[in-house]
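Please open the model in your viewer and keep the selection panel at hand. The tour below goes from one selection to the next and says what is found at each stop.

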Amino acid sequence: MAVNTKLLSLLFLIATVSASFSDSDSDSDLINELVSLRSTSESGVIHLDDHGISKFLISPSTPRPYSILVFFDATQLHSKTELRLKELRREFGIVSASFLANNNGSDTTKLFFCEIEFSQAQSSFQRFGVNALPHVRLVNPSISNLRDESGSMDQSDFSRLAESMAEFVEQRTKLTVGPIQRPPLLSKPQIGVIVAMIVIATPFIIKRILKGETLIHDRRLWLSGAIFVYFFSVAGTMHNIIRKMPMFLQDRNDPNKLVFFYQGSGMQLGAEGFAVGFLYTVVGLLLAFVTNVLVKVKNLTAQRLVMLVALFVSFWAVKKVVYLDNWKTGYAIHPYWPSNWR
Amino acid sequence: MAALESPPPGTPSAMRHAFGNVLSVLILVLIGVLAFSIRLFSVIKYESVIHEFDPYFNYRVTQFLSKNGIYEFWNWFDDRTWYPLGRVIGGTVYPGLTLTAGTIWWVVNSLNIPLSVETVCVFTAPVFSAFASWATYFLTKEVKGSGAGLAAAALLAMVPSYISRSVAGSYDNEAVAIFALIFTFYLYIKTLNTGSLFYATLNAIAYFYMVCSWGGYTFIINLIPMHVLLCIVTGRYSPRLYIAYAPLVVLGTLLAALVPVVGFNAVLTSEHFASFLVFIIIHVVALVYYIKGLLSPKMFKVAVTLVVSVGLVVCVIAVGILVALVASSPTGGWSGRSLSLLDPTYASKYIPIIASVSEHQPPTWPSYFMDINVLAFLVPAGIIACFSPLSDASSFVVLYIVMSVYFSGVMVRLMLVLAPAACIMSGIALSQAFDVFTASIKYHLSGSSNSTNDAEDNNSTNNAPKDDASASKADKSEETAKERPSKKGKKKEREHVVDKPSVKSKTVKKALVLPLEASIVALLLLIMLGAFYVIHCVWAAAEAYSAPSIVLTSQSRDGLHVFDDFRESYAWLSHNTDVDDKVASWWDYGYQTTAMANRTVIVDNNTWNNTHIATVGTAMSSPEKAAWEIFNSLDVKYVLVVFGGLIGYPSDDINKFLWMVRIGGGVFPHIKEADYLRDGQYRIDSEATPTMLNSLMYKLSYYRFVETDGKGFDRVRRTEIGKKHFKLTHFEEVFTSHHWMVRLYKLKPQKNRIRGKAKKLKSKTSSGSSSKSAKKNPWI
């Protein structure tokens, strides 16, 4: 039982805890306690604090009869969406639930899914040497030094969420997690209620359609929908969704500067797409405004002013897109004049 | 041209009308010439050859068709490919393109014009682009009058997205399919506007042609039902809608099932179910309207509840059957590509092979600028113009643009389907803008709107040389004004929505003007925008999309270099090998080898049998001896590799090698991708793994490469190769093309059994000291 010297402050506690158990009995006691803790949580993830960590990880002598997979959470960082803590925590719960659902028998007592929360377990964070989140650590039965980082998950193990986490667990523990069982989007009673509502509502909807007074008879709705889909597509939003592109990047050389436009035609950033999509759309909208609405205005000066603004904006938008396109793709589009003109 | 109710002859307006018609015919002819000639850059810059890979297959099929006739073609079992499996060509190709070109060839030859099959194939795509732009004219004319039609046709004639698939030599399905697509839509709209069963029948036949030509026909059979449903839901049901839709589904599906490659898919796969569902719905709705006409309003109210409930029951049963059918198949009856359109993240999650193809990537915004250029700016204006007023026809084109723009956002390849829609919309927008601006200028110049005849004629002739599209704008305004009453006469129960604005616009027209100078500036800017479009399209046609990829050129300081290595080596194959010899190569070159060298290949671009491809991939990734055994078991005599290291041709076999490893490893697990990577990196220099350096592909690519410059510097990978001096034991080099781009190797004949015995004896006596020299050539 090699206790880190920095943890002298906890030595007393540990000593008392470990002294109160004799080896073989204590193992099964610990497992029973973990199992009962696990049964209290819905997904099977045990919530531990400093006390629990020392009780289940530090005090029992190695090799422990179980592995523990620890998820390091921090409520104060949940607001930072780029860390994806909430999402990962949810996926972690799904892995745990699937593990429990797919295994029954002795295997379930060999691996426990735990989480610790920063504000409740600061010293445990120190003890594990965790300074950056997201972090998931597998503590094998044989690991005695908690600072040993060999059991931590890489970024690549988070990439496909629950599936890749399960692969990681299967690789390291030689246990099988089995197929990931995600909870259905809607539970059965919810589906039932929705179906019932639809069935009840259909006659009324059909009646209104026959009368012709629903929202779908509103032409402006269709118009704005069509324009929106157009804007959405030419902005390359599907590309951003499929590739999960960020809205902007941080400049590598100067972290304070943000990069909004990416050079090279195979990729685009979110903000860039929306900006150009807006430029694509605005010209047509202005043209339509001038030809459909402005002609009906009686005041000549107003017409003149609005037209000037519209023309200027359109000209600028087209020029900007041409410039951006040449910059991004590096094409040099040129006309072919007769050779004696040069 | 335009089937208009012309005013009584002799009046000046009738004269002007006749003049306008003649002018639009002339403009259409010019547009056709433009569409044809802008696609000839590939012939002018290179030569009259078939391009790339798939067109070579189509060309070969067309050759077979023209030589052996239609029945032989229909039953053709091709033993030159997928050896030893072969392929049933007649039942696995979309025959539209081949039959079209074959017919053209037959007609031309029976007129005693001796064109070769290749010439016909090369020029099929440009000819059909001209047809497509005319079809666009008719379609847009049905929607918004002939002015918009001419503008749209001119835009489509040179839209880069379409040029990329239809330059001279690019003899592929899309070449004729885009014409078929637009023409089918035109006939649908025509039927919808006229309610004529004649056009409905034509529509079904056009749809049949589309099914023959391209797998993209599913777009039609989903878009039209969607439009019908939209019309019904928004209360636009009319008997014309019924006539436009019901015959199309019945006849169209029957005809589609005649095409062998579609067959019973036309009724069994989910892509077609939407049309059947809407078919049921439209009958229910038609019944409701029929009963409504029979009964008094009060009786109808009673009846409607009855009919609705019966209709609901029928629908629920039908949906239940469909759901049961769909649920019984693993992908829900949808093909992977269709599914990835509905759920864009589907392919990237589950089907890496679809996700890996570059055509299936989602485009970024520059793709739109490259492929539809300034049309991207004009489309929103066109959408808005279609909403004022909204008719059945204009709602269809709005639906078309919305669907196609969404699909193009998922897969860059579908930009091709978007292009016609964008042209139609932009044509409508341009036409409307020109209308408003020229009308304002005319109004201001003449002072009063009544005596504008002279100004108008001047205007149209002045504009003509500047821009094809703008020329017709002047006469468009009154043409549409005439057309509307004429249309109204044909369809009496046409909704009052259309009539009102036309009446209104006549009375309020004088007031609808813009300031003179602003209009002139706006007009100039629009013309500049059009000019920019023309410049871009010509540049794209000349520079970006006309390379045949079978002949390569590069411009350097000392002039133009032509790399004709592919044809050189295919010619070598056809002249120096036996007719029945089998040639193994990666599948990319399969079509070209069968078409140009007329030799049997193991795999080709029709990647229908993954195991077979994996076998070849495994052979290429194995060491020499194992590879020899695999190839020998497939009766292969020659191995062809494409190598770009000497001249820097990046799409060579070494760059594709990891795919061979992956595909091979997918079926034969002893091939592991990790063995070919050093720390996850693909490299061929001295850091490369031994497995990589010993693989057949490496050896065949770099054999004797060091003799070229003494160092073995690979100009694609920009590094010196890892293993420079080595001998081949089981293969011998028989041909290397001028720039080393294609290298051909022959499998050494199987060793004589006697030799093995002799060797054993020898090694017993002299403990293998001289075995090395004996291995090389035992007979010396």
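**A tour by selection**

Begin by selecting residues 580–639 of chain B, a span that is 50% helix and 15% strand and whose end C-alpha atoms lie 14 Å apart; helices (H or I, at least four residues) and strands (E, at least two) are DSSP runs, numbered from the N terminus. In an unreviewed entry, UniProt lists these residues of chain B as "domain: STT3/PglB/AglB core", and such annotations may be inferred rather than shown by experiment.

This is a predicted model, in which local features need pLDDT of at least 70 and side-chain atom pairs count only at pLDDT 80 or more, while totals for chains, interfaces and linings use all residues. Residues are numbered from 1 along each chain as its sequence is written, chains are lettered from A and ligands numbered from 1 in the order in which they are written, and side-chain values use heavy atoms, with hydrogens and water left out.

Next, colour domain 1 (189–333) and domain 2 (562–747) of chain B, bounds that come from an automatic or database domain assignment; their centres, taken over C-alpha atoms, are 52 Å apart.

Now select helix α7 (residues 146–157) and helix α22 (residues 415–446) of chain B, which pack at an angle of about 135° with their axes 7 Å apart.

Finally, turn to residues 13–22 of chain A, where pLDDT (the predictor's confidence in each residue, from 0 to 100) stays under 50. Where pLDDT is low, the predicted coordinates should not be read in detail. Chain A averages a pLDDT of 78, and 87% of its residues score at least 70.

Technical notes: Contact = heavy atoms within 4.5 Å. Axes fitted to C-alpha atoms, helices over the stretch in contact; angles between N-to-C directions.
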